[in-house]
Amino acid sequence: MTDIQTTHNVGQRLKDLRQQHQLSQRELAKRAGVTNSTVSLIELNTVSPSVSSLRKILNAIPVSLSEFFAEEATSQTKFFYRADELVELGDGHLSFRMIGNHGKHRAMTILHERYPSEADTGADMLSHDGEEGGIIVEGEIELTVDGETQVLKAGDGYYFDSSLPHRFRNVGDAPCVIVSANTPPTFSEGQFRSDKAHS
């Protein structure tokens, strides 16, 4: 299982959200298509959910991943974020660190992404509402959008309608680092995997 790696208390946050929406563990599990014990174990922080499992549960509330990890807005506006304040949404192998997680009313999500060699966003093409763009900071990435494939290197960028089928794959020998943004602020990276990690 590829787990959510974060300093946030995922279990307590899920429990709070479930109770705010007046859902029992049984009802949430039924809506999400998971077992009651899955919801219970996550809320107890006994297990760390995979990205896809947590998304499935949150979709049943419904709450996006970025909203789930967003901190409550403080009375003082926050402009600057240190490296240790970025929230890790990745799976423990791929890294997706969200910038500006304070506040619920963001108009976009900004991510610092890191793909190890041979890592990709999964066999299935991704497709979701919105637009996304980014610039490759280090390494190279193979990006397929609507049947067109390009290998982008450091300094290259991309921008496309996220409803078009797309997929990211690191075909290089070195890690690839990307800074990206998408709007609306959802996190729809699919089920992550790495060929190297699963071979």
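Ile135 counts as partly exposed because its relative accessibility is 41%; the partly exposed class lies between buried (under 20% relative accessible area) and exposed (over 50%), using a 1.4 Å probe and protein chains only. This is a predicted model: local features need pLDDT of at least 70, side-chain atom pairs count only at pLDDT 80 or more, and totals for chains, interfaces and linings use all residues. Residues are numbered from 1 along each chain as its sequence is written, and side-chain values use heavy atoms, leaving out hydrogens and water.

**The sheet**
- Six strands form an open sheet, in the order β1-β2-β3-β10-β5-β8, with antiparallel pairing.
- Strands β1 (87-88) and β8 (157-161) are the edges, as each pairs on one side only.
- Strands are DSSP runs (E, at least two residues), numbered from the N terminus, and two of them pair if DSSP finds at least two bridges between them.
- β1 and β2 (residues 95-99) run antiparallel and are joined by 2 bridges.
- Glu88 stands opposite Arg97 in β2.

**Strand β5**
- Ile135 sits in strand β5 (residues 131-138).
- Glu132 is buried and has no salt bridge (a side-chain nitrogen of Lys or Arg within 4 Å of a carboxyl oxygen of Asp or Glu).
- Arg55 is the nearest side chain of opposite charge to Glu132, 11 Å away; Lys and Arg count as positive, Asp and Glu as negative, while His and the chain ends are not counted.

Notes:
Helix = DSSP H or I, 4+ residues; strand = E, 2+ residues; numbered from the N terminus.
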